[in-house]
Amino acid sequence: MTHDSVRIGLISISDRASQGIYEDQGLPALQAWFGEVLANPVEFVSRLIPDEQALIEATLIELADAKRCSLILTTGGTGPAPRDVTPEATLAVAHKVLPGFGEAMRAVSLKYVPTAILSRQVGVTRGASLILNLPGQPKAIKETLDGVFAAVPYCIDLIGGPYLEARADTIAVFRPKSALRSPA
Ligand SMILES: Nc1ncnc2c1ncn2[C@@H]1O[C@H](COP(=O)(O)OP(=O)(O)OP(=O)(O)O)[C@@H](O)[C@H]1O
Ligand SMILES: Nc1nc2c(c(=O)[nH]1)N[C@H]1C(S)=C(S)[C@@H](COP(=O)(O)O)O[C@H]1N2
């Protein structure tokens, strides 16, 4: 069976990684997770930027509207520190807010670390793009995506994107029966 191809936007938001003070581990961790889980051919559009709200907004708009990424993940800048503004930037460019993603990512993260409650991460749509905020700790990428990805493919169906599928023995993707594509 052939799979639709998908373009995924990855935005690592960190003052220090973007200045080269430490090496960015966000983009490699995101690419590794999708490389392991997704059955579709993927093209990544990646950006490493500082915690500047206007730049985060412009980057989200570029990846959604110009690059037409069906899914956009941010990592970093979701906490309560003064320079953490990723949720504000995401909400500023949102067309629809999906509160369940933020709630579910925090709930699943609380099983790993009590400070998960400090993340203000959100999930939103902008046109035909689903945007999810992930915390900055590189290990949080797998922890949160493992917990919520099951619902991501059907969300992308509903906003007019490609039909995402997971590789066998990875994540169990859920769609209502009526939305299942029969095997070719
Ligand atoms: N892109 C990244 N690559 C590697 N490690 C990261 C990255 N982002 C965050 N971390 C790690 O996770 C910790 C907490 O993340 P947080 O987003 O709070 O970083 P931060 O201290 O605000 O970083 P910065 O000052 O660079 O924005 C950081 O101290 C760092 O150890
Ligand atoms: N799954 C998961 N969620 C997590 C964490 C983590 O290590 N794993 N770190 C928490 C911590 S310590 C903080 S401060 C907040 C916000 O992190 P951010 O500002 O790097 O986005 O995410 C939280 N959520």
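Strand β3 pairs with strand β6 (residues 129-134) through five bridges, and the two run parallel; strands count as paired when DSSP finds at least two bridges between them. Bear in mind that this is a predicted model, where local features need pLDDT of at least 70, side-chain atom pairs count only at pLDDT 80 or more, and totals for chains, interfaces and linings use all residues. Residues are numbered from 1 along each chain as its sequence is written, while chains are lettered from A and ligands numbered from 1 in the order in which they are written.

**Strand β3 and its partners**

- On the β6 side, Thr74 sits opposite Asn133.
- Strand β1 (residues 6-13) also runs parallel to β3, again with five bridges, and Leu10 faces Leu73 there.
- β3 itself covers residues 71-75, and five of its five residues are buried (20 or more other C-beta atoms within 10 Å of the residue's own, with C-beta atoms placed from the backbone).
- Leu71, Leu73 and Thr75 point one way, Ile72 and Thr74 the other.

**Overall fold**

- The protein has seven helices and six strands, taken as DSSP runs numbered from the N terminus (helices H or I, at least four residues; strands E, at least two).
- Reading from the N terminus, the order is β-α-α-β-α-β-α-β-α-β-β-α-α.
- A compact globule of 184 residues would have a radius of gyration near 16 Å, and the protein agrees with 16 Å (taken over C-alpha atoms; the rule is 2.2 Å times the number of residues to the power 0.38).
- The C-alpha trace spans about 50 × 35 × 30 Å along its principal axes, and 36% of the 184 residues count as buried.
- Of the contacts between residues at least 6 apart in sequence, 71% link residues at least 24 apart (contact means C-beta atoms, placed from the backbone, within 7 Å).

**Ligand 1**

- There are 17 residues around ligand 1, with Ser14, Arg16, Gln25, Gly26 and Gly136 coming nearest (a residue is near if its C-beta atom, placed from the backbone, lies within 6 Å).
- Helix α1 (residues 15-18) gives the most to this shell, with three residues.
- The shell splits into four nonpolar, nine polar and four charged residues (nonpolar: Ala, Val, Leu, Ile, Met, Phe, Trp, Tyr, Cys and Pro; charged: Asp, Glu, Lys and Arg; polar: the others, Gly among them).

**Ligand 2**

- Ligand 2 has 19 residues around it, and Thr78, Gly79, Ser109, Gly136 and Ala140 are the closest.
- Helix α6 (residues 138-148) supplies the most, four residues.
- By class, that shell holds six nonpolar, ten polar and three charged residues.

Terms used
A residue is buried if 20 or more other C-beta atoms lie within 10 Å of its own, exposed if 12 or fewer, and partly exposed in between; C-beta atoms are placed from the backbone. Two residues are in contact if their C-beta atoms, placed from the backbone, lie within 7 Å.
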